[in-house]
Amino acid sequence: MKKIVGLLGALGLCLIVPPASFAVNYEPNEDGVIVTELTFHSAPEPRPALKYRLTTDEFDQVDRNAAIYYLKAMGFLEQGQGVKYLIELKEKWEKEDCGSGKADEVPRPYCWMSMPLEKLPLEEIKEFLSWYGCQPRYLREAVRCRHCDFGHRPKETENPVSILLPEIQSLRELVRVQVIRARVALAERRYDDAIEIIRQSYMLAKHLGQGQDFVVSNLIGIAIAGITWDATKDLIQQPDSPNLYWAIASMPKPLVDMRRSLGFESNLIYLQLPFFKEVDETPRPAEYWNELRARNFGRDAWGLDTFGIWRFSDNPSRNEVATTAYVIAAYPGARKYLIERCGMSETQVESYPALQLVALATTRVWDELTDDCRKWSYLPFWQAVKKQREMEDKMRKQLPQIGPVAILPLLLIPAISSSQQALVRSEQELALLQTVEAIRHYGSKHDSKLPASLDDLDLPAPIDPATGKPFIYEVDGEQATLKTSHKLNRAVRHLILRFAKPKQP
């Protein structure tokens, strides 16, 4: 199974779900409900309405590459002494904070991401942040950049699956430091500074949806948006914090654009194994296909291991054995598929050597299933989700008849579905906060009272991107619950809302 990890990583199957200690907004209870309590103060919309931004306005962007600045912001990693100190410091905190009898505790610095602001040890945190002192200047430049290109160029390599993404993975740690930096600003009531830090983090998430060929890069961007959501939620609960309704409304939708990566990974089989580009319906002798296979299968196929059926290495003899074993296993289902699903005659099918027949069925199944899945991604989630589920159920039922030639698309398609759910969840979180800001605006005109209905709001509440319908809103005295209804990755979200009571003189 080790060899399949490379392909699964490229296909985006390793979904980025931050540990609970790093992103508190991903903690469902036993009923599959993520409950978050928000206590806030009324706040009218700002004047001008677009005074605050959580992403950079198009007019203010410059034609530069943000990747350069992100790499520079992580440049401290190259400073051996600094890295050594930070590793030793985190190990020390791990022992002190999660020692014997403290297994459930979250160690420093990550506990600072959710600790009540009034309890933050500001001097200790500032000392820690000083080791990351190079970051702010570079992130201020990155936030102005129009595009982001890390130069992976998978289309120009013979082995796309072998591409590693350490700099993309490291960006999650960068944004955790950003959240700590933002929370220090909130504790000191420096709201404009906190908004700027949050904007930098959301722009990082946006950049990971631009020019990125691998779905996993997009998923890290979505995870970064989720981590940043926690800091945004903290911001809107502070006294005198500005209303961010229009700041959220003006953000790109979706924040992380996955179209490029989905297109790339839908064609990954042809990039990783050029052999399949040559497959067509023209009958050719077995020698032709064996020679083509020998030239193409080897190093480029190292990431493919279809559950032990199809295994490759740099050894030509072993590859020949692997190919033969795969063709024998796949032949019956491939033949049946070409006749029954592709409308080929038995005479035509029988004219193909076994390797050509299996390869032809493999490409036809891949094209059919990936196209069928990908087309629904161009519709709103609530219109596509039912069809995608029906398609996946149908595919699983057909697998016994189609056989091994369907395994690769069956690995890809659930990954596409899961990644789209992660994206919609991220958009849903922003829509929920925008609704909260509409309620804060309402409270500024109605004595800090909750509206009886979302229809009473002066600023319209956005729809739930998972359903295309309004969020569920229920009032119980001085408390309201804002709910989602569609389970995304097996969880729904409830926000418990209340206005802060005025302090007694």
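These are my notebook entries on a predicted model of one protein.

**Ground rules.** I number residues from 1 along each chain as its sequence is written, and I use heavy atoms for side-chain values, leaving out hydrogens and water. As the model is predicted, local features need pLDDT of at least 70 and side-chain atom pairs count only at pLDDT 80 or more, while totals for chains, interfaces and linings use all residues.

**Confidence.** I looked up pLDDT, the predictor's confidence in each residue, from 0 to 100. The mean for the protein is 87, and 88% of its residues reach 70 or more. Over residues 1-24 the pLDDT is below 50, and beyond near neighbours in sequence this stretch has 64 contacts in the model (contact means heavy atoms within 4.5 Å). Residues 299-311 also have a pLDDT below 50, with 52 contacts beyond near neighbours in sequence.

**Overall make-up.** I find 17 helices and eight strands; helices (H or I, at least four residues) and strands (E, at least two) are DSSP runs, numbered from the N terminus. Buried residues make up 54% of the 505 residues. For this I take buried as under 20% relative accessible area, exposed as over 50% and partly exposed as in between, with a 1.4 Å probe and protein chains only. Among contacts between residues at least 6 apart in sequence, 74% join residues at least 24 apart.

**Helix 2.** Which residues of helix 2 are buried? In this helix, residues 66-73, they are Ala66, Ala67, Tyr69, Tyr70 and Ala73. Seen down the helix axis they fall within an arc of 165°, so they line one face of helix 2; the arc is that of the directions from the helix axis to the C-beta atoms. I see these buried residues pack against strand 2 (62-65), helix 5 (135-142), strand 3 (145-147), helix 6 (166-187) and helix 7 (191-207).

**Largest pocket.** I noted about 730 Å³ of space in the largest pocket. Of the 30 residues that line the largest pocket, the closest to its centre are Lys253, Pro254, Leu423, Val424 and Glu427. A pocket, on a 1 Å grid over the protein atoms alone, is an open set of points where a 1.4 Å probe fits, with protein on both sides within 12 Å along at least five of seven lines; lining residues have an atom within 4 Å of a point. Its volume is the space filled by probe spheres set on the points, which are joined across faces, edges and corners. Helix 17 gives the most to the lining, with seven residues.

**Backbone.** Most residues other than glycine have a negative phi, and most peptide bonds are trans. A cis bond joins Arg47 and Pro48, with omega about -5°; Pro48 sits in the loop between strand 1 (33-40) and strand 2. Another cis bond joins Arg108 and Pro109, with omega about 5°. Arg189, not a glycine, has a positive phi of about 60° and lies in the loop between helix 6 and helix 7.

**Tyr270.** Is Tyr270 buried or exposed? Tyr270 is buried, with a relative accessible area of 15%, and lies in helix 11 (residues 268-272). Leaving aside neighbours within four places in sequence, I find Tyr270 in contact with Phe276, Lys277, Thr363, Trp366 and Asp367. The C-alpha atoms of Tyr270 and Thr363 are separated by 8.9 Å, with the two residues 93 apart along the chain.
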